[in-house]
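Please keep the sequence and the model at hand while reading.

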Amino acid sequence: MLIKNARFVVTPKGIEKNKSIVIEDSIIDSITSSTADLDKTGDVIDGSGSIIMPGLINAHTHAAMTLFRGYGDDTPLHEWLEKKIFPVEEKLKPKDIYWGSLLAIIEMIKSGTTCFNDMYYFMSEVAKAVEKTGIRAVLSRGLMDTDGRGGERLKEAVSEMKEWSGKPRIEWMFGPHAIYTCSEDFLLRIKDLAEKYDRRIHIHLSETKKEVKDCLREHEKRPAEYLDDIGFLSDRVVAAHCCWLNNNEIKILSRNGVSVVYNPISNMKLASGIAPVFEMMKKKVQVCLGTDGAASNNNLDMFEEMKVASLLQKISIKDTTALKATDTIMLATLNGAKALGVNSGSIEEGKNADIILLDLKNPVLRPLHNKERIISDLVYSTPSLAVNTVIIDGKLIMQNKKILTIDEKEIYEKVEECARELFG
Ligand code: NI
């Protein structure tokens with residue numbers, strides 16, 4: 001495939017003008033100024049009216065929770081969880097996870113996300129949705145053992161991982177839900193399995209003040225200190241939220257090479273807290289970005305997430321230079337790829353061809369007189385509606401806003417059926 005004469009290309013070196021990108025199979029083969037002697041037998045996409053950038057990476061979500069969008073909003077956190085979310089989650093069947101995940105994937109592709117990191121259950125259903133749509137994903141079965149069913153879930157996680165191993169675009173992690181739903185023994189068992197199978201670990205950490213308070217009461221330590229003391233932390237760990245870290249915990253995460261997923265919109269909506277991202281980045285913690293599930297966001301739009309990510313840091317520390325646009329875009333691309341161990345996140349030779357094209361015929365991307373402004377536009381004027389074409393793993397997945405791999409109408413109908421059965 002050839003993307004010819006791209007007007008602007010976002011690369012790690014900065015914005016490049018009038019370049020062509022050659023894709024061989026699934027990989028970016030070259031980025032060149034001249035297309036004269038190129039083989040043009042594959043698909044040729046005209047990039048002359050576009051900004052070309054790496055696809056966004058949503059590093060923490062629960063895709064099938066799109067079914068819960070708008071359900072029980074604006075109620076107190078514990079009432080929302082215990083009276084609204086948990087009772088309906090009990091009723092979820094595999095088909096709900098399948099159709100809910102497909103709905104999430106439509107939304108993600110349309111808003112420029114090419115890879116997501118998912119934690120939920122019935123993960124084979126999510127894998128089927130990933131396989132069908134052509135998106136890239138890293139999947140973990142959510143694990144907890146406080147109800148005595150930890151072993152059962154762990155067995156399921158390993159068998160799903162084995163069943164899908166080697167399938168293109170799908171990676172697996174282990175997904176211990178959180179320190180308050182997993183015992184110490186269970187966490188250490190998961191850590192050993194992650195080492196045995198050479199997988200990463202996806203966990204929620206220090207999301208709320210209550211989690212810290214309970215951990216202090218039970219272990220006389222704060223959550224990251226507790227995980228460090230039991231030997232759980234390493235560069236395999238991807239920790240979502242981390243709103244309530246003190247300086248010592250930031251140092252602990254940095255020393256262990258833990259990646260942190262910042263979920264500003266979910267954290268604001270659930271009134272959880274503000275992750276100290278500016279401080280973490282100063283201490284060289286690798287921070288990436290996620291939306292969390294649609295029940296607490298309520299969308300999966302990573303452009304919107306980037307804008308809020310930056311603004312929340314600025315207001316939080318009253319400093320306009322906090323989380324600059326150039327840093328924010330890294331959170332949503334390359335840092336996410338590094339955290340998930342995926343060879344994507346930048347437009348460079350040898351990387352996975354996970355690329356999005358934004359249409360310059362869009363008011364939020366104008367004027368174009370200064371190319372240095374483009375990163376600011378991408379972060380602060382939130383142009384997910386400008387996403388026109390999406391390439392994942394070297395394949396054209398969306399062209400002129402039409403997703404080529406699925407029948408959207410069928411998915412909307414099935415989602416309505418699922419929602420009617422779940423919510424009455
Ligand atoms: Ni979450």
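The sections below cover the basis of the model, a metal site, a loop and the helix after it, the cysteines, and some backbone features.

## Basis of the model

The model is predicted: local features need pLDDT of at least 70, side-chain atom pairs count only at pLDDT 80 or more, and totals for chains, interfaces and linings use all residues. Residues are numbered from 1 along each chain as its sequence is written, and side-chain values use heavy atoms, with hydrogens and water left out.

Helices (H or I, at least four residues) and strands (E, at least two) are DSSP runs numbered from the N terminus. Buried stands for under 20% relative accessible area, exposed for over 50%, and partly exposed for values in between, with a 1.4 Å probe and protein chains only.

## The nickel site

Four residues coordinate the nickel ion: His60, His62 and His204, each through NE2, and Asp292 through OD, at 2.1 to 2.4 Å. Donors are N, O and S atoms within 2.8 Å of the metal (3.2 Å for Na, K and Ca); water is not among the atoms, so sites may look incomplete. The spacing of the donor residues in sequence is H-x1-H-x141-H-x87-D. His60, in strand E6 (residues 56-61), and Asp292, in the loop between E13 and H11, link distant parts of the chain, 232 residues apart. His60 counts as buried because its relative accessibility is 0%. Asp292 is buried too, with a relative accessible area of 5%.

The angles among the four donor atoms run from 84 to 176 degrees, and the site is irregular. Four donors count as tetrahedral if all angles lie between 85 and 135 degrees; four count as square planar and six as octahedral if opposite donors are over 155 degrees apart and all others between 65 and 115; anything else is irregular.

## Asn298 and its loop

Asn298 sits in the loop between strand E13 (286-289) and helix H11 (302-317). The peptide bond leading from Asn297 to Asn298 is cis, with omega near 10 degrees. Leaving aside neighbours within four places in sequence, Asn298 is in contact (heavy atoms within 4.5 Å) with Arg69, Gly70, Asp73 and Lys269.

Two of these residues also make polar contacts with Asn298: its side chain meets the side chain of Asp73 at 2.8 Å and that of Lys269 at 2.9 Å. A polar contact is a pair of N or O atoms within 3.5 Å; within protein, one must be able to donate a hydrogen and the other to accept it, and residues adjacent in sequence count only if both atoms are side-chain atoms.

## Helix H11

Helix H11 has 16 residues and spans 23 Å from its first C-alpha to its last, close to the 22 Å expected at 1.5 Å a residue. The expected span is 1.5 Å times one less than the number of residues. The buried residues of H11 include Met302, Phe303, Met306 and Leu312, and among them are also Glu305 and Lys314.

Just after the helix, Lys318 has a positive phi of about 50 degrees.

## Cysteines

Zero disulfides are found in a search of the whole structure. Cys115 is in none, and the nearest cysteine sulfur, that of Cys288, is 11 Å away. A disulfide requires a pair of cysteine sulfur atoms within 2.5 Å. Cys115 counts as buried, at 0% relative accessibility.

Cys242 is likewise in no disulfide, the nearest cysteine sulfur being that of Cys243, 7.7 Å away. Cys242 is buried, with a relative accessible area of 0%.

## Other backbone features

Pro367 lies in the loop between strand E14 (355-359) and helix H14 (374-380).

Asn5, in strand E1 (residues 2-11), has a phi near 50 degrees, a positive value in a residue other than glycine. Asn5 counts as partly exposed, at 35% relative accessibility. Asp74, in the loop between E6 and H1, also has a positive phi, near 60 degrees. At 78% relative accessibility, Asp74 counts as exposed. Lys83 belongs to helix H1 (residues 77-91) and is exposed, with a relative accessible area of 63%.
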